[in-house]
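Colleague: Please take a close look at one part of this model for me. I would like the contact between the two chains, in one connected account.

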Amino acid sequence: MNVKVEVKNLKKSFHKLNVLNGIDLTVYEGEVVCIIGPSGSGKSTLLRCLNRLEDATGGQVIVDGYDITDKKTNINKVREKIGMVFQNFNLFAHLTVLQNIMLAPVDLKIMSKEEAHKTAIELLKRVGLEDKAECHPHQLSGGQQQRVAIARALAMKPDIMLFDEPTSALDPEMVGEVLAVMKELASQGMTMICVTHEMGFAKEVADRVIFIDEGVIMEEGTPEDVFTNTKNPRAIDFLNKVL
Amino acid sequence: MDFTRTILESTPLLLEGIKITILISVISLIIGMVIGLLMCIMGMSKNILLKAISGVYIWIIRGTPMIVQAFIVYFGMPQVIQLFNPSFRIEAFTAGIITLSLNAGAYLAEIFRGGIMAVPKGQTEAARSLGLSKSRTMLKIILPQAFKVAIPSMVNQFIITVKDTSILSVIGLADIVNKAKVYVGKSYQFFATYILVAVYYLIVISILMLLSKYLEKKINYERKGRS
Ligand SMILES: Nc1ncnc2c1ncn2[C@@H]1O[C@H](COP(=O)(O)OP(=O)(O)OP(=O)(O)O)[C@@H](O)[C@H]1O
Ligand SMILES: [Mg+2]
């Protein structure tokens, strides 16, 4: 199995606040890893260190063989292959759905306009929104916006997808449509790292679940290992609150 | 007081003046936009020197009256340059453009900065996560959105600049106020003449306001779009 992401003794602090205290993590090609843990435990920070939206304070992050903690690495090139989906969608507000999806492949000269257009339409079909191509983001529901955001990330043909609580800003009736897209993606063999509060999704889709607390991995294993068999008191306490 | 006579007599003079007023405003605003954008980007860069240059420039312009700036550019600067090049002269028109551009540039830099700050951080993060460089993100994602936010303040600055040209009459710029001064010097029709000058300004600035209304509507329409 190919290693896609390797995190070695990753540390991150904001001023004096130590958020990540030595994280070790290896993610293999095609794996779906779900990260769970209490609020403020450092889940988002860990995810954002994987594409250097946050600079690590210590340790190493190797993605696709590139050491992105090395300042000499061309981070923009590495990011082309790492898709990210945010809690608040972050669709480009001044662009239509189609333009949102086409922007990066065209601007980075990865595709011609025609290719990008074709890819965008295909992706919109895949997420069930081909009729919304000409809409602006604010005309869409949260669930629709998040599906467009996933399509936008997929347009770059990434080998890794990062999700930071993609459904927690959604009304309950829209959670399902986004999770369905993510499940389909997982079944296609995408390498996925998802921070999530959707324990049902983690149980069903994850190959591995990681429980983080106070910037440390406290528990790690198959969904069964973590959800049913854990002996870690912190994990038990957390799971009792959310399940 | 003879209003009709004043109108007839002063119109050619005042029309000439308002042309100068409009011309100098337009040129200064175009240069001011370029300076403003440059200073705004310099002010937000990580380079301490660039940041300092932009900061000091904005500080000086905002902290001094324009009439003093005009005197420095028109009377002061030539004195210094003449030490090296005795034949150097500056025209009121050129000095006026320099003063107005520098002035508008400083305020526009602040307006642009405000517009850029108003774009949510998530927009940058999304663009960077797709692999766009800092400068491409600025160009394709941040500036178009910042521009929309900044339009009302920009138009406001345009209006201020048009009105501020009148200050430049003190260095002898042949703008409408100066022409009016010349006319009242011989006719003593203070009331009628200055009312007329006010009307000219009102017309020019109303056109500006209408233009901005139209622009804002157009952008709103685009944002609402068709679904
Ligand atoms: N840019 C920042 N500057 C300062 N502190 C930050 C910054 N980003 C995060 N933090 C702090 O780091 C800690 C971990 O934040 P993080 O967002 O990683 O938590 P999280 O596990 O994702 O929580 P949640 O479930 O609420 O999203 C928090 O205490 C947070 O306040
Ligand atoms: Mg978070």
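**The interface of chain B and chain A**

Modeller: Chain B and chain A bury about 2000 Å² between them, with 56% of it on carbon and sulfur atoms. Buried area here is the accessible area (1.4 Å probe) that two parts lose on being put together, summed over both. In chain B, Glu125(B), Ser129(B) and Leu130(B) lose the most area to chain A, together 29% of what that side buries.

This is a predicted model: local features need pLDDT of at least 70, side-chain atom pairs count only at pLDDT 80 or more, and totals for chains, interfaces and linings use all residues. Residues are numbered from 1 along each chain as its sequence is written, and side-chain values use heavy atoms, without hydrogens and water.

The contact (heavy atoms within 4.5 Å) takes 26 residues from chain A and 23 residues from chain B.

Now the charged pairs. The rule finds two salt bridges across the interface; each is a side-chain nitrogen of Lys or Arg within 4 Å of a carboxyl oxygen of Asp or Glu. Arg48(A) forms a salt bridge with Glu125(B), their closest N and O atoms lying 2.7 Å apart.

Helices (DSSP runs of H or I, at least four residues, numbered from the N terminus) come next. On the side of chain B that touches chain A, helix 5 (121–129), helix 6 (134–164) and helix 8 (190–224) of chain B each supply at least two residues. Helix 5 of chain B gives the most, with seven residues.

Conventions:
Chains lettered and ligands numbered in written order.
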